[in-house]
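Me: I am new to this structure and would like a close look at a single part of it. Could you take me through the nonpolar patch on the surface, and then show me how the rest of the chain is laid out around that topic?

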Amino acid sequence: MSRVRIAPSPLREMTPEQRLTADYAGTGVTLGPHPMALRRAALAARGVTRAIDLACGDDGARVRVAGSVIVRQRPGTAKGFVFLSLEDETGSRTSS
């Protein structure tokens, strides 16, 4: 039985950021890491709170968050409030 030899690819392997960009451009989703996971170290250095850590904070405390908006609601009875559901690499939380 003869073995088929496959030539190595002339292309360099994509970085995680390039792979994520290609996934979203081609399909609108990714099976790789969440986009926020790739930026978490820089966000943490700026004091941005992860979604999973929001429950540990003090009521009424101001926090900085970042994520993908997965739901946005502006009910007529909300007195001008907009309710957002944000998702990061740890999950999603709803806030106003």
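Reply: Happy to! In this predicted model, L54, V63 and V65 make a nonpolar surface patch of about 210 Å². Let us take one of these residues, V65, which sits in strand β2, residues 64–65. V65 has a relative accessible area of 38% and is therefore partly exposed. A residue needs over 30% to be part of a patch, and V65 has 38%.

The protein chain has two helices and five strands, and from the N terminus on they run α-α-β-β-β-β-β. Its radius of gyration is 20 Å, well over the 12 Å that the globule rule gives for 96 residues, so the chain is more spread out than a compact globule. The C-alpha trace spans about 75 × 30 × 20 Å along its principal axes. Of the 96 residues, 14% count as buried.

How far can you trust what you see? The average pLDDT of the protein chain is 89, and 96% of the residues score at least 70. Among the elements, helix α2 (residues 40–45) has the highest mean pLDDT, 96, while strand β5 (residues 91–95) has the lowest, 73.

Next, have a look at helix α1. This helix covers residues 16–27, 12 residues in total, and reaches 16 Å from its first C-alpha to its last, close to the 16 Å expected at 1.5 Å a residue. After α1 comes G28, with a positive phi near 85°. Most residues other than glycine have a negative phi. K79 is not a glycine, yet its phi is positive, about 55°. You will find K79 in the loop between β3 (68–73) and β4 (83–88).

Charged side chains give you another set of landmarks, with a count of five salt bridges. One of them joins R19 and E13, whose side chains meet at 3.9 Å, N to O. Here E13 is exposed, at 69% relative accessibility, and R19 is partly exposed, at 38%.

Another salt bridge is formed by E17 and R39, with their closest N and O atoms 3.9 Å apart. This pair links distant parts of the chain, as E17 is in helix α1 and R39 is in the loop between α1 and α2, 22 residues apart. Both partners are partly exposed: E17 has a relative accessible area of 32%, and R39 is at 46%.

A further salt bridge brings together the side chains of R40 and E89, at 2.7 Å, N to O. R40 lies in helix α2 and E89 in the loop between β4 and β5, so this pair ties together parts that are 49 residues apart in sequence. R40 counts as buried, with 12% relative accessibility, while E89 is partly exposed, with a relative accessible area of 28%. D88 joins in as well: R40, D88 and E89 are linked in a network of salt bridges.

Technical notes. Residues numbered from 1 in each chain as written. Predicted model: local features only at pLDDT ≥ 70, side-chain atom pairs only at ≥ 80, totals over all residues. Heavy atoms only, no water. Patch = residues over 30% accessible without salt bridge, like charges linked within 9 Å, V, L, I, M, F, W, Y side chains within 5 Å. Areas by Shrake-Rupley, 256 points an atom, 1.4 Å probe, with all protein chains shown as cover. Salt bridge = Lys/Arg side-chain N within 4 Å of Asp/Glu carboxyl O. Helix = DSSP H or I, 4+ residues; strand = E, 2+ residues; numbered from the N terminus. Buried < 20%, exposed > 50% of the residue type's maximum accessible area, 1.4 Å probe, protein only. Expected span 1.5 Å × (residues − 1). pLDDT = per-residue confidence, 0-100. Rg over C-alpha atoms; globule rule 2.2 N^0.38 Å.
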